[in-house]
Amino acid sequence: MPLPPAPSQRASRLSHKAFETSVNENVSPAMVQVETKPQQMPVAEATTERKTPKSISRSRPSLTQRDMPQAPEQTPIRADKVKATPSAATTANRSGGPVGTRAKRRNGPSKLFVLDTNVLMHDPMSLFRFEEHDVFLPMIVLEELDGHKKGMTEVARNARQASRSLDALASAQSNDLSKGSPLSTTGHTDATGQLFFQTQALDLSLPLALPQGKADNQILGVVKALGVLHAPRDVVLVSKDINMRVKARALGLQAEDYQNDKTLEDGDLLYPGSLALPADFWNKNGKAVESWQQGTHTFYRISGPIVPNLLMNQFVFFEAPGEPSLYARVTEIRGKTAVLRTLKDFTHQKNAVWGVTTRNREQNFAMNLLTDPDVDFVTLAGTAGSGKTLMALAAGLTQVLDDRRYTEIIMTRATVSVGEDIGFLPGTEEEKMGPWMGALDDNLEFLAKGDGGNSGEWGRAATNELIKSRIKIKSMNFMRGRTFMNKYVIIDEAQNLTPKQMKTLITRAGPGTKIICMGNLAQIDTPYLTEGSSGLTYAVDRFKGWAHGGHITLARGERSRLADFASEAL
């Protein structure tokens, strides 16, 4: 492409005609005349289809005018102009044509979502999760937010954060709020809809069986009034309250649960951390597999259709009758090939970790992750009695006391009661956390057995004191702002943590720190948390495939035959 001519004076700008002339230098004069013809239009006519962002935000139609979005009027592009130059799309965009409009907008009209108060208190960023759809807030929602903003609980913090977001959106709109405030004004570009406040009284006609003084019923009345006022546009109530959604559907209103907080729709879709190789794997890929020995491990470089399904630090295994078994971990993925490394067998007594040997395949996978210094983050999920806490403590004691890889073990957990709370507990932080750490004491009693009684009473007492001196019990309430360096951190009962709490704990890790998150997704005691929205599920989904993180789901319990039967039958 030839360069345009140089400007006549210093620091002067080139006109767009100079560029178009250089582009169309090899085009016939007739074609050039057709190409440059739109540039001779009057300025007022050429800019009718395109406005500045300020004019758009100031002249947005009111809610009643935006019932059904209409397709923008498009200026037809002449066929001869398209044939004349390959940059017709670029030229049309410069001249104010429809090219370059929002490509992410879905087909069909946008909806109007009415948010319940519990949605904002559950996720204060929920205002910006509805993409191109509009959001409506009844006045009673603001009243309820104001009533829940006091306190140090997570609900109060979320209410204050939601109030700050609403204040920023309301202050950014200088005109009448009844025309709406663009949700993208505070920097959330994915939210292309508008926020509407209730600025006028609505006809809240509800059945006499629903008392008008209750906040939930007032919100239902607003949804019904908006549905009549803006028909046929869809007006949908979004609430975390199940009874609220049931009442809305009984009144013929559309109601949905807030789904954005769910990492997975079904807990069965959770990443298991392991993959079984097909039975014909060696027959199909045996000739193309490269293998070599390095230390005590054997490496295999494989290729084929199975490689796109693999992730970093994922375990693969091959078991077939009459053939040697293979247990390996993915250590490298490059293009269409992957490298597998065989595992250390912790089922053998010679590889016992603090006297503990693994009893099944998944436990062996987990112990390889727990003892690998290159893996900084490990998540373990499994049923009751699958050995999560015991293996994590055994691996931690070995690496703290024997290998001196970490300075101490820090253990914490979510203090969520199964039944009624027993009230405040006396003592220091560790003494208050003592009743919550029964699992720690049970496993330490097993790990501190020593040599089967040969060391005597004094030896067992000395071992217990040494172990307890290297284990610190900390409360999650005081984790904000801390940094753990060269620590082995165990987060027990992680299924009761929210994604925000999980992020707070994981970001405490400093140089040389390893974090272990353990939990059973079938034993969630925290209200409003499900298998799909738990912090453990969130961490597993976000860290899968990371080169320094690993996950394994323990499939079988090893506590006792009674515990195994109870986990399946009850």
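How much space lies in the second largest cavity? About 40 Å³. This is a predicted model, where local features need pLDDT of at least 70, side-chain atom pairs count only at pLDDT 80 or more, and totals for chains, interfaces and linings use all residues. Residues are numbered from 1 along each chain as its sequence is written, and side-chain values use heavy atoms, without hydrogens or water.

**Second largest cavity**

Select T412, M479, F484, V489, I491, L505, R508 and I515. These residues line the second largest cavity (a cavity is a set of points on a 1 Å grid where a 1.4 Å probe fits but cannot get out; lining residues have an atom within 4 Å of a point). The lining divides into six nonpolar, one polar and one charged.

**Largest cavity**

The whole structure holds two cavities of 30 Å³ or more. Helices are DSSP runs (H or I) of at least four residues, strands (E) of at least two. Here the lining divides into six nonpolar, six polar and one charged.

**T398**

Now select T398, in helix α14 (residues 388–402). T398 is buried (under 20% relative accessible area, with a 1.4 Å probe and protein chains only), at 15%. Show V353, W354 and D403: T398 touches them, leaving aside residues up to four places away in sequence (contact means heavy atoms within 4.5 Å). Finish at the backbone nitrogen of W354, 3.5 Å from a polar atom of the T398 side chain.

Technical notes:
Buried < 20%, exposed > 50% of the residue type's maximum accessible area, 1.4 Å probe, protein only. Polar contact = N/O pair within 3.5 Å; in protein donor to acceptor, adjacent residues only side chain to side chain. 1 Å grid on protein atoms, 1.4 Å probe; cavity = no way out; pocket = protein on both sides within 12 Å on 5 of 7 lines; lining within 4 Å. Points joined across faces, edges and corners; volume = space filled by probe spheres on them. Nonpolar A, V, L, I, M, F, W, Y, C, P; charged D, E, K, R; others polar.
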